[in-house]
Amino acid sequence: MSTPDHAVQSIPAYPADQFQVEIGANMGDSLSVLDELMLDDIYQLSPGAEPKRLALASSADGSVYVAQGTELGSVGAQLHLDCALTLMPHSGDNIEALVMVEVDHDGLIAAIYLLPLAPMQAQHSYTLVRAEQDSARRKLAQMACVSFTRGTRITMATGAQKPIEDLKPGDRVLTRDEGVQELRWIGQTTSRAVGRMAPVLIRAGVLNNAADLLVSPDHRLMVYQRHDELGTGSPELLVRARDLVNGSGVVVQDGGFVDYFQLLFDRHHIVYAEGIAAESLFLDSMTQPALPDEILARISPTLETGQRRDAHGIEVQKSLLDRPDAVNLLKRASLR
């Protein structure tokens with residue numbers, strides 16, 4: 001089974017056999033599918049368990065597959081989103097998680113994965129307090145949506161800088177690729193700023209941004225290279241915020257809550273946020289469930305088909321950015 005060119009998401013996950021019931025009706029069993037789960041069962045992660053990367057890609061019909069670059073699963077294998085869980089630790093806030101099932105060519109279960117939305121610790125107890133299917137696709141969609149945060153200033157058609165929370169549908173926004181475009185929808189979600197949902201802070205000036213820029217971890221920034229510092233062979237690059245984290249100029253801002261905002265146009269665009277180029281929401285089969293039904297029904301006829309992120313540049317692989325001077329190289333490349 002072939003997969004799309006780019007993974008939509010790369011999510012930390014645990015194989016089911018690393019998350020087992022220590023007390024309860026299914027004592028001794030590994031995490032399973034919804035029909036076999038029992039509320040109030042108490043689970044533990046195995047000693048030494050560490051999350052590994054499960055790379056996901058989606059197709060036009062909504063199917064999800066294991067993508068290239070994964071550390072778990074078989075590339076090309078289909079994934080079924082089984083359910084969403086709420087786990088209560090011995091102390092602290094509840095943790096939301098997804099259960100995904102990898103199936104083989106015969107449609108049989110090949111593997112089960114736990115995808116927690118917040119960090120978990122080995123040998124700590126987690127009580128299963130909720131398991132449901134209804135919210136699973138929405139939670140996955142929210143993870144897949146690229147988002148700006150409250151206070152981010154977006155460049156308008158007039159050149160004015162407007163806080164994202166003040167935008168409304170119909171506003172005219174300046175885009176890098178096609179000039180002025182009307183905003184079709186703006187979404188807002190509030191999440192715990194932990195684990196997969198913790199935003200990435202790009203400090204003022206690090207990438208020639210006018211002020212601090214705080215975005216979701218998979219948000220892609222567009223860098224125009226006047227000189228090919230990274231050896232990509234392309235002047236236009238898309239770089240994920242999380243791949244730039246270096247502990248100084250680019251850091252994960254973990255803790256508390258974060259207000260995320262999503263900007264949707266008739267097609268995928270590059271807008272200006274705090275003066276630097278960054279992508280708008282890429283609407284596909286994975287992100288669509290994040291939109292309210294009435295909004296999706298109203299805007300679907302206007303959305304262009306066959307959109308590709310790489311129309312705006314080459315997506316830089318993390319391996320090219322695994323160097324301490326990567327951020328400085330990108331800044332220098334955009335200036336020279």
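1. Confidence is given here as pLDDT, the predictor's own confidence in each residue on a scale from 0 to 100, and a contact means heavy atoms within 4.5 Å. This is a predicted model, in which local features need pLDDT of at least 70, side-chain atom pairs count only at pLDDT 80 or more, and totals for chains, interfaces and linings use all residues. Residues are numbered from 1 along each chain as its sequence is written, and side-chain values use heavy atoms, with hydrogens and water left out.

2. The chain has a mean pLDDT of 88, and 94% of its residues reach 70 or more. Over residues 1–7, however, pLDDT stays under 50, and the model has 18 contacts beyond four places in sequence for this stretch. Where pLDDT is low, the predicted coordinates should not be read in detail.

3. Helices (H or I, at least four residues) and strands (E, at least two) are DSSP runs, numbered from the N terminus; buried means under 20% relative accessible area, exposed over 50%, and partly exposed in between (1.4 Å probe, protein chains only). In helix H4 (residues 326–335), the buried residues are Ala326, Val327, Leu329, Leu330, Ala333 and Ser334. They lie on the same side of H4, because they cover an arc of only 160° around the axis, the arc being that of the directions from the helix axis to the C-beta atoms. Asn328 and Leu335, on the other side of H4, are exposed. The cover over the buried residues of H4 includes strands E18 (220–224), E19 (236–240) and E20 (250–252), together with helix H3 (318–321).

4. A salt bridge is counted when a side-chain nitrogen of Lys or Arg is within 4 Å of a carboxyl oxygen of Asp or Glu, and the count by this rule comes to 17. One of them joins Arg150 to Asp259, with the closest N and O atoms 2.9 Å apart. Arg150 lies in the loop between strand E10 (148–149) and strand E11 (153–155), and Asp259 in strand E21 (residues 257–264), so this pair ties together parts that are 109 residues apart in sequence. Arg150 is partly exposed at 44% relative accessibility, and Asp259 is partly exposed at 21%.

5. Arg196 forms a salt bridge with Asp218, where the closest N and O atoms are 2.1 Å apart. Arg196 is buried at 10% relative accessibility, and Asp218 is buried at 4%. Both residues belong to a network of salt bridges that links Arg196, Asp218, Arg240, Arg242 and Asp243.
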